[in-house]
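The following questions and answers examine a single protein chain. Please consult the sequence and the structure while reading.

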Amino acid sequence: MDEILDLDVEPPARMVVDAPHPGSVSGVSDLISAVMGHGGDGLRRQKSHKSAFSLSSRSAVFLAEHYPQASPAHWNDWRWQLKHRITTLVELERVVDLSSWEREALAPGKNKLPFAVTPYYASLLSRNDPHQPLRRCVIPTMDERIILACEEGDPLGEERDSPVQGIVHRYPDRVLFLVTDSCSTYCRYCTRSRRVGKRELTRKFAWGPSQWEPALKYIERNANIRDVLISGGDPLTMADHALEYLLQRLRAISHVEIIRIGTKTPMVLPQRITNRLVQMLRRYHPLFISIHCTLAEELTPESQRACTRLADGGVVLGGQTVLLKGINDTLPALTSLFQGLLRNRIRPYYLYHCDQVVGTAHFRTRVDRGLELIRGLRGHTSGYAIPQYVIDLPGGGGKTPLCPEYLQGRDGRDLLFRNYSGELYRVHDPMEPEMNVGGVA
């Protein structure tokens, strides 16, 4: 039964626009017009279909320059995107000018966490700026070789809390169900860098029903489990029928009330969110999807379309962000991100302090910086746009909220508070009842 995960990654046969030589300026212009449906030089305007993904101008330019033999239909096929992921130094050098510390980090055999990025996400990267935040998130640098004594391969103690393969059972009523080790794009600060992508190095993709069965049996046996988070890797890199197999099995367990999926796919592979996928997901409500989004620059027309499809399909969307030094640790960056998520019907849920995973010291901020940012957001944007800042305690202590101090102390029967703008206010809060039973003071 393990062939349930087997993907036919060849896209279905589609008409491919005749591609000119990539060095031809007029030819590239014609191809972009064809991609965008502008109908230049006798090319017919493509019909508009509400169900189809349309290419942004950025994607069209990137497609014409770097994949001239591919059509818009190929680009919009998620299987084509997976098959053509950029995974080597040679491939990456075609699309970005690498710095010396990036090139050295990409040397074969040096990365504990594999490198991979979809062509779509590569189109968002700056060609010339190695300090671009998006680029730093996915391209390794020699900073990953700096390892602090506090860092661990399994900083959250997930293996310790794993009673059977694939299950992390830390909280009484919910479990984490790790169903795959694969992602379409690998974030360089990944909490599970100890395990994700390792099968790709050996070309062994063995995840399937026989691997999931012990976890499913464990969930069935434990009636206190009412909430299951499907994660990995990224579950949305699996085929529809593989994901549906899991959803069917979980929905058949009477005490499982909530199913959640953790993914970054809408941001790195939005073409995966097909109408067919959404129609399948609709059958398994209540269904929640937590979307990992790092920067407002990821909220492209394509990712916005993907999120709209999910939201229109009745899926409740939450946003999860990791606070990263030099990436998104400024008020403008977080404000733009969280407000952008709300516009796309994604409720910011968690802002994570970066875990103490091996090789991530260059990404970690100080906790007081995170508190300062939350304080700066409070009162200056909608409460819906402010996630909970949490630190996942090392060794399996669980997620712990971190909140700025607004309570300043007590003065007699009053509590003293400073509001978001720093002004002092009193709230009457007697330490003992002030009224007798008859209601007379």
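A residue counts as buried when its relative accessible area is under 20%, and as exposed when that area is over 50%. The model discussed here is predicted.

Q: Is Gln-132 buried or exposed?
A: Gln-132 is placed in the loop between helix H7 (119-122) and helix H8 (133-138). Not counting residues up to four places away in sequence, Gln-132 touches Leu-124, Leu-125 and Ser-126. Its relative accessibility is 15%, and Gln-132 therefore counts as buried.

Q: What distance separates the C-alpha atoms of Gln-132 and Ile-327?
A: Gln-132 belongs to the loop between H7 and H8. Along the chain, Gln-132 and Ile-327 are 195 residues apart.

Q: What percentage of the contacts with a separation of 6 or more is accounted for by residues 24 or more positions apart?
A: The percentage refers to contacts in the protein chain whose separation is 6 or more. Within that set, residues 24 or more positions apart account for 74%.

Q: Which strands are the edge strands of the open sheet of nine strands?
A: The order in this open sheet is E1-E2-E3-E4-E5-E6-E7-E8-E9, and the pairing is mixed. An edge strand here pairs on one side only. The edge strands are E1 (167-171) and E9 (398-401).

Q: Which residue is the bridge partner of Val-228 in E4?
A: Strand E3 (residues 227-231) pairs with strand E4 (residues 258-263) in the parallel sense, over four bridges. Within E4, the bridge partner of Val-228 is Ile-259.

Q: Which residue in E6 stands opposite Phe-288?
A: Strand E5 (residues 287-292) and E6 are paired in the parallel sense over five bridges. E6 is mostly covered, with seven of its eight residues buried. The residue of E6 opposite Phe-288 is Val-316.

Q: Are helices H10 and H11 roughly parallel or roughly antiparallel to each other?
A: The axes of H10 (residues 209-221) and H11 (residues 240-251) come within 11 Å and cross at roughly 20°. Angles under 35 degrees count as roughly parallel. The crossing of H10 and H11 is right-handed. The two helices H10 and H11 are therefore roughly parallel.

Q: Which residues in H11 meet those in H10?
A: On the H10 side, the contact involves Pro-209, Trp-212, Glu-213, Leu-216, Ile-219 and Glu-220. Their counterparts in H11 are Ala-242, Tyr-245, Leu-246, Arg-249 and Leu-250.

Q: Is Ala-242 buried or exposed?
A: Ala-242 is found in helix H11. Its C-alpha atom is separated by 7.7 Å from that of Gly-208, which is 34 residues apart from Ala-242 along the chain. Because its relative accessibility is 0%, Ala-242 counts as buried.

Q: Which residues of H16 make the contact with H15?
A: The axes of H15 (residues 331-343) and H16 come within 10 Å and cross at roughly 60°. That angle makes H15 oblique to H16. H15 contributes Leu-331, Leu-334, Thr-335 and Phe-338 to the contact. From H16 the contact is made by Leu-373, Gly-376 and Leu-377.

Q: Is Ser-184 buried or exposed?
A: Ser-184 has its place in the loop between strand E2 (174-178) and helix H9 (198-202). Leaving aside neighbours within four places in sequence, Ser-184 is in contact with residues including Leu-82, Arg-85, Thr-237 and Val-268. At 1% relative accessibility, Ser-184 therefore counts as buried.

Q: What is the omega of the peptide bond from His-285 to Pro-286?
A: Pro-286 lies in the loop between helix H13 (275-281) and E5. The peptide bond from His-285 to Pro-286 is cis, with omega near 0°.

Q: What is the omega of the peptide bond from Gly-232 to Gly-233?
A: Gly-233 is placed in the loop between E3 and H11. The bond from Gly-232 to Gly-233 is cis, and its omega is near 25°.

Q: What is the phi of Arg-345?
A: Arg-345 lies in the loop between H15 and E7. With a relative accessible area of 43%, Arg-345 is partly exposed. Although Arg-345 is not a glycine, its phi is positive, at about 65°.

Key:
Residues are numbered from 1 along each chain as its sequence is written. This is a predicted model: local features need pLDDT of at least 70, side-chain atom pairs count only at pLDDT 80 or more; totals for chains, interfaces and linings use all residues. Side-chain values use heavy atoms; hydrogens and water are left out. Two strands pair if DSSP finds at least two bridges between them. Contact means heavy atoms within 4.5 Å. Axes are lines fitted to C-alpha atoms, for helices over the stretch in contact, and angles run from 0 to 180 degrees between N-to-C directions. Angles under 35 degrees count as roughly parallel, over 145 as roughly antiparallel, 65 to 115 as roughly perpendicular and the rest as oblique. A crossing is left-handed if the near helix is turned anticlockwise from the far one by less than a right angle, and right-handed if clockwise. Buried means under 20% relative accessible area, exposed over 50%, partly exposed in between (1.4 Å probe, protein chains only).
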